[in-house]
Amino acid sequence: MSKRDKILSALGLNVRQRREARELTQEKLAEKSGLDATYISGIERGLRNPGIQNVAKIAKALGITTSDLCKGVEA
């Protein structure tokens with residue numbers, strides 16, 4: 001697994017854990033963040049490399065800071 005893959009997987013895991021802790025579906029998180037549900041799914045599976053603006057939108061929709069969402073995501 002490449003370094004990039006590890007970073008994306010770590011971010012995706014954070015998104016999934018935070019979303020599930022708030023009992024949100026991918027569809028509901030997508031609606032709250034203004035993003036597409038398939039895009040959220042891709043992020044959670046480590047397949048998408050979201051820009052910082054989209055990371056911030058997801059964090060806001062989850063009610064956390066962008067830095068909290070990125071905790072443990074190491075380059």
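## A loop, a core and some salt bridges

E23 sits in the loop that links α1 (3-21) to α2 (26-33). This is a predicted model. The phi angle of E23 is positive, at about 55 degrees, although E23 is not a glycine. Is E23 buried or exposed? E23 is exposed, because its relative accessible area is 74% and the cut-off for exposed is over 50%.

K3 belongs to helix α1. K3 is also exposed, with 59% relative accessibility. Compare its position with that of K28. In sequence, K3 and K28 are 25 residues apart. In space, their C-alpha atoms are 30 Å apart.

**Where two helices cross**

Now take α2 together with helix α4 (residues 52-62). Their axes come within 8 Å and cross at roughly 110 degrees. So α2 is roughly perpendicular to α4, since angles of 65 to 115 degrees count as roughly perpendicular. Which residues make the contact? From α2 come L29, K32 and S33. From α4 come K57, I58, A61 and L62. By type, the residues of this contact are 4 nonpolar, 1 polar and 2 charged.

**The nonpolar core**

The largest nonpolar core holds 16 residues. Six residues have the most contacts inside this core: V15, L29, I40, I58, L62 and L69. Which helices supply the core with at least two residues each? They are α1, α2, α3 (37-44) and α4. The most comes from α4, which gives 5 residues. In soluble globular proteins, nonpolar side chains tend to be buried together.

L29, I58 and L62 belong to the core, and these residues also take part in the contact of α2 with α4.

Set aside its neighbours within four places in sequence. L69 is then in contact with L11, N14, V15, R18, V55, I58, A59, L62 and I64. Among these partners, V15, I58 and L62 are listed with L69 as having the most contacts inside the core.

**Salt bridges**

How many salt bridges does a search of the whole structure find? The search finds 5.

| Salt bridge | Closest N and O atoms |
|---|---|
| R19 with E20 | 3.9 Å |
| K28 with E31 | 3.3 Å |
| D68 with K71 | 2.5 Å |

Look at how open each partner is. R19 is buried, because its relative accessible area is 8% and the cut-off for buried is under 20%. E20, at 47% relative accessibility, is partly exposed.

K28 and E31 both lie in helix α2. They are 3 residues apart there, so about one helical turn separates them. K28 is partly exposed, with a relative accessible area of 37%. E31 is exposed, at 57%.

K71 is exposed, at 52%.

Some salt bridges share partners. Which residues do they join into one network? The network holds R16, R19, E20 and E44.

Notes
Residues numbered from 1 in each chain as written. Predicted model: local features only at pLDDT ≥ 70, side-chain atom pairs only at ≥ 80, totals over all residues. Heavy atoms only, no water. Helix = DSSP H or I, 4+ residues; strand = E, 2+ residues; numbered from the N terminus. Buried < 20%, exposed > 50% of the residue type's maximum accessible area, 1.4 Å probe, protein only. Axes fitted to C-alpha atoms, helices over the stretch in contact; angles between N-to-C directions. Parallel < 35°, antiparallel > 145°, perpendicular 65-115°, else oblique. Contact = heavy atoms within 4.5 Å. Nonpolar A, V, L, I, M, F, W, Y, C, P; charged D, E, K, R; others polar. Core = buried A, V, L, I, M, F, W, Y, C linked by side-chain atoms within 4.5 Å. Salt bridge = Lys/Arg side-chain N within 4 Å of Asp/Glu carboxyl O.
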